[in-house]
Amino acid sequence: MEIGIIGAGTVAQAFSKKAIGAGHQVVLSNSGAPEKLAGVIGRLGSGASAAPAAIAAEKPIVLLAVPWPKVEAALHGLPAWRGQVLIDATNALRDGTPTQGLVDFHDGSSSEHVAALAPGARVVKAMNTLFMGNFAAEARDGRFRRAVLVSGDDHDAKSTVADLFESFGFAPIDLGSLKVGGRIQAVGGPIAGHDFFLPWPAPRAFPLSVERPEG
Ligand SMILES: NC(=O)c1ccc[n+]([C@@H]2O[C@H](COP(=O)([O-])OP(=O)(O)OC[C@H]3O[C@@H](n4cnc5c(N)ncnc54)[C@H](OP(=O)(O)O)[C@@H]3O)[C@@H](O)[C@H]2O)c1
């Protein structure tokens, strides 16, 4: 599968290594000329290429991996979204570092804000429980697999993302909606930074909802 990435830094590169290892192709982008990514692309090897963000954003699955202060600019001016899956890996850190704290979304979540900036995209929040050192490490550990929590409002999009992370070797877990699950796994939430493992093989922990059904 071809995956577009908006960003080419720590998260984009860790994700790319897993994706390429699983046989996918990645198209990375940055804020400048794609040629500036020649070194990164060379290190990632075949399976990786660089393109303007507008090209990366047309792939069926797109990873958003830019610092929070850059999110609006990164999503601005892209071609209209046509139902692609947009994986939101961002943390809503005011200045992109922990020093200035988090943006307050009151009853909402940062990923709902991302979804509002990308109308037509099917946004799924993922990767926020994992420090990149853990994400980059071996996903399989004996009888266990490292978990990736997946939150979103579109069931098919969540399944697509779950399948993707399963192809990397992770155990995907459905963590509810963008609003509730998104807040739980986001930085500042109760499970952000926690490294979960599931026994494997196991009945797929998907779909599993942390939310009580209406009514
Ligand atoms: N590091 C972690 O452990 C971790 C874990 C989970 C989530 N996150 C979150 O993931 C996001 C990315 O983190 P990171 O550590 O990968 O950041 P990073 O290493 O600083 O990389 C950021 C990337 O975003 C690109 N970028 C900036 N503005 C852009 C634009 N307008 N269009 C396209 N690309 C643009 C940068 O390209 P230029 O160099 O051209 O500006 C750079 O390649 C952040 O929101 C972070 O909080 C991080």
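Predicted model: local features only at pLDDT ≥ 70, side-chain atom pairs only at ≥ 80, totals over all residues.
1. His106 is placed in the loop between E5 and helix H5 (110–117), where helices (H or I, at least four residues) and strands (E, at least two) are DSSP runs numbered from the N terminus. His106 has a positive phi of about 50 degrees although it is not a glycine. With 5 other C-beta atoms within 10 Å, His106 is exposed; under the rule applied here, a residue is buried if 20 or more other C-beta atoms lie within 10 Å of its own, exposed if 12 or fewer, and partly exposed in between, with C-beta atoms placed from the backbone.

2. Residues are numbered from 1 along each chain as its sequence is written.

3. The chain has 8 helices and 10 strands, and its C-alpha trace spans about 50 × 40 × 35 Å along the principal axes. A compact globule of 215 residues would have a radius of gyration near 17 Å, and the chain, with 16 Å, agrees; this radius is taken over C-alpha atoms, and the globule rule is 2.2 Å times the number of residues to the power 0.38. Of the 215 residues, 44% count as buried. Among contacts between residues at least 6 apart in sequence, 70% join residues at least 24 apart, a contact being a pair of residues whose C-beta atoms, placed from the backbone, lie within 7 Å.

4. Not counting residues up to four places away in sequence, Leu93 touches Trp68, Pro98, Leu102 and Val187. Leu93 and Asp156, which are 63 residues apart in sequence, are 29 Å apart in space, C-alpha to C-alpha.

5. Another non-glycine residue with a positive phi is Met127, at about 80 degrees, in the loop between E6 and helix H6 (132–136). Met127 is buried, with 24 other C-beta atoms within 10 Å.

6. The 12 residues of H1 should span 16 Å, and its end C-alpha atoms are 17 Å apart, which agrees; the expected span of a helix is 1.5 Å times one less than its number of residues. The buried residues of H1 are Val11, Ala12, Gln13, Ala14, Phe15, Ser16 and Ala19. Gly23, which follows H1, has a positive phi near 95 degrees.

7. For helix H7 (residues 155–168), 14 residues should span 20 Å, in agreement with end C-alpha atoms 20 Å apart. Ala157, Lys158, Thr160, Val161, Ala162, Leu164 and Phe165 are buried in H7, and the buried residues of this helix pack against strands E4 (61–64), E5 (85–88), E6 (122–126), E8 (144–152) and E9 (171–174). Just after H7, Gly169 takes a positive phi of about 110 degrees.

8. The largest nonpolar core has 62 residues, and those with the most contacts inside it are Ile5 and Ile87; such a core is a set of buried Ala, Val, Leu, Ile, Met, Phe, Trp, Tyr and Cys residues joined through C-beta atoms within 7 Å. Leaving aside neighbours within four places in sequence, Ile87 is in contact with Ile61, Val62, Leu63, Leu64, Val124, Ala126 and Val161.

9. Gln185, found in helix H8 (residues 180–185), counts as buried, with 27 C-beta neighbours inside 10 Å. Its contacts, apart from neighbours within four places in sequence, are Lys125, Asn128, Thr129, Leu149, Ser151, Leu175, Ile191 and Ala192. Gln185 and Ala126 are 59 residues apart in sequence and 8.0 Å apart in space, C-alpha to C-alpha.

Notes: Contact = placed C-beta atoms within 7 Å.
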